[in-house]
Amino acid sequence: MYLEVSNITKIIRNEIILDDISLSLERGKIYGLQGKNGSGKTMLMRAICGLLRPTKGNVTIDGKRLGDKMDFLPSVGALIENPGFIGQFTGYENLKMLADIKGLIGKTDIQDILERIGLENAEKKKYKAYSLGMKQKLGIAAAIMERPDVIILDEPTNALDEESMKNLHCILTEYKDHGSLILISCHDKEELEMLSDEIYEIENGKIKNHRRIQDGKAI
Amino acid sequence: MIWSFKQQLKYEYRAGIKVRWKQYMGLVLVFFLLGACIYHSAGEKVAGNLTLTDYLVKIFSGIDEMKKADRTMAFYLPKEWGVVEILYLLFVVNYPKSDYEQRGYQVILRTKSKSMWWIGKCSWLVMTTICYYGIFYLVMLVCSMFRYQDMTVRNVWGIQQIILSHGEGILSIYLMPWITMLAIAFVMILLSMTFNQIVAVSAAICYLISAVYISKSWLLGNYTMLLRNQQILGSDGVTCRQGILFSLGIIIITTLVGMKYMKNKKL
């Protein structure tokens, strides 16, 4: 397995947020996390990224444990809760600022991703003038633009219309086919079954159910 | 690590300085208004000949320590000093925490280091302080029509004549105002990460203003007031050397404490 989550538990102020969760995730697949608000999906995603230290358990990627010689996944793109960008900058400038940190992609790649995600007309528009759906798309673009090995998207379909969701599905399938491991969360069962190959149901911080999906249906 | 720091610095410049150019223009306006107020407060005979030193002495004189016997007197805050120093705290308090809450994880996942994020914020604070006080000194220079004179000679403002040695005088008005405020701001932004910006700036302002009442070396506000210098106040006063050492010490300690704190902080 490429990414192993082993017995992750997180306790905050005596409250168990994540309760002994284990997952085995492979490259080239889309995994869904389904659960109500407050079930622990976002916390689990944070723990996998390395943004959160679990109270117990660990995350291993390609045989290497997070917290040993590395604090974060080596190649990860994430959209967790609200996308946060600078209002006075355009969509392009916001992505460029983030892309320049690692220097892996240039102007053309950023323009390509904006076009693919459906923001080609908003490239020069300031972020503060974006609608909610546009902001969400920009957040997704920031997560995937550098073609990371692991993509983590927390409720990416929020504020997206049906056409945008289908477009997102095409993009994620393409990234999956190129070998990315994709983890997405959603509280809507149907949306998740449309997007995912396998789904983990999470409730009160525990994995309640695991099912495989084919052609949008559980098998 | 060096590459990572350079990229972080570039990010801080774009997200924390370049984007705030309108606010920097606002500072220019505020400082020109301050200069105009100082010009009008000088007597008719003197106003037209005010030098840069006169402006800076007016702003950074401070006031005599409020003695116990004076506690029945109404509270008085040196206005010009208050405008420059309190405005600085308000100018820098918001960015680190808001950047952390909005974009922090995006940057950290790319630099792979929470400590580097904190170092970036410390660097941003230094850059912003230099810009803020750079603009301040430049505006005062323009207000004075580029006239300069040593401090020891004049007594323009009718307050106790301020006579400092050349070196102490230069340090007092060109270095101490911003290096001590930088140290206070370092602690303030760490507090803002632990609590929030309102708590942090309130604590910083209270700490700064307490120096108006009390002349003690551990209240850094004293180092920004000429009238608290040991050469004027005697043994109760402070020296620039003390102020520099205290300030640098606080900056280094806060940087290290902040790195440790951020490493363990949940994002």
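Which residues lie nearest the centre of the second largest pocket? In this predicted model, they are A:Arg53, A:Pro54, A:Leu66, A:Gly67 and A:Asp71, out of 18 residues that line the pocket. Residues are numbered from 1 along each chain as its sequence is written, and chains are lettered from A in the order in which they are written. Local features need pLDDT of at least 70, side-chain atom pairs count only at pLDDT 80 or more, and totals for chains, interfaces and linings use all residues, while side-chain values use heavy atoms, with hydrogens and water left out.

A pocket is an open set of points on a 1 Å grid over the protein atoms alone, where a 1.4 Å probe fits, with protein on both sides within 12 Å along at least five of seven lines; lining residues have an atom within 4 Å of a point. A volume is the space filled by probe spheres set on the points, which are joined across faces, edges and corners.

The second largest pocket has a volume of about 360 Å³. Strand E4 (56–61) of chain A and helix H8 (114–143) of chain B each supply at least two of its lining residues, and E4(A) gives the largest share, three residues. Helices (H or I, at least four residues) and strands (E, at least two) are DSSP runs numbered from the N terminus. The lining comprises six nonpolar, six polar and six charged residues, where Ala, Val, Leu, Ile, Met, Phe, Trp, Tyr, Cys and Pro count as nonpolar, Asp, Glu, Lys and Arg as charged, and the others, Gly among them, as polar.

The largest pocket holds about 500 Å³ of space. Its lining numbers 25 residues, and A:Thr42, A:Glu81, A:Asn82, A:Asp154 and A:Glu155 are the closest to its centre. In chain A, strand E2 (15–25), helix H1 (41–49) and helix H4 (132–144) each contribute at least two lining residues; the largest share, four residues, comes from H1(A). By class, seven lining residues are nonpolar, ten polar and eight charged. Domain 1 (1–75 + 149–219) and domain 2 (84–147) of chain A each provide at least three residues of this lining, with domain bounds taken from an automatic or database assignment.

Backbone angles were also examined. Most residues other than glycine have a negative phi. A:Glu155 has a positive phi of about 50° and lies in the loop between strand E7 (150–154) and helix H5 (162–177) of chain A. A:Glu155 is buried (under 20% relative accessible area), at 11%. A:Asp20, in strand E2 of chain A, has a positive phi near 55°. With 44% relative accessibility, A:Asp20 counts as partly exposed, a class between buried and exposed (over 50%), computed with a 1.4 Å probe on protein chains only.
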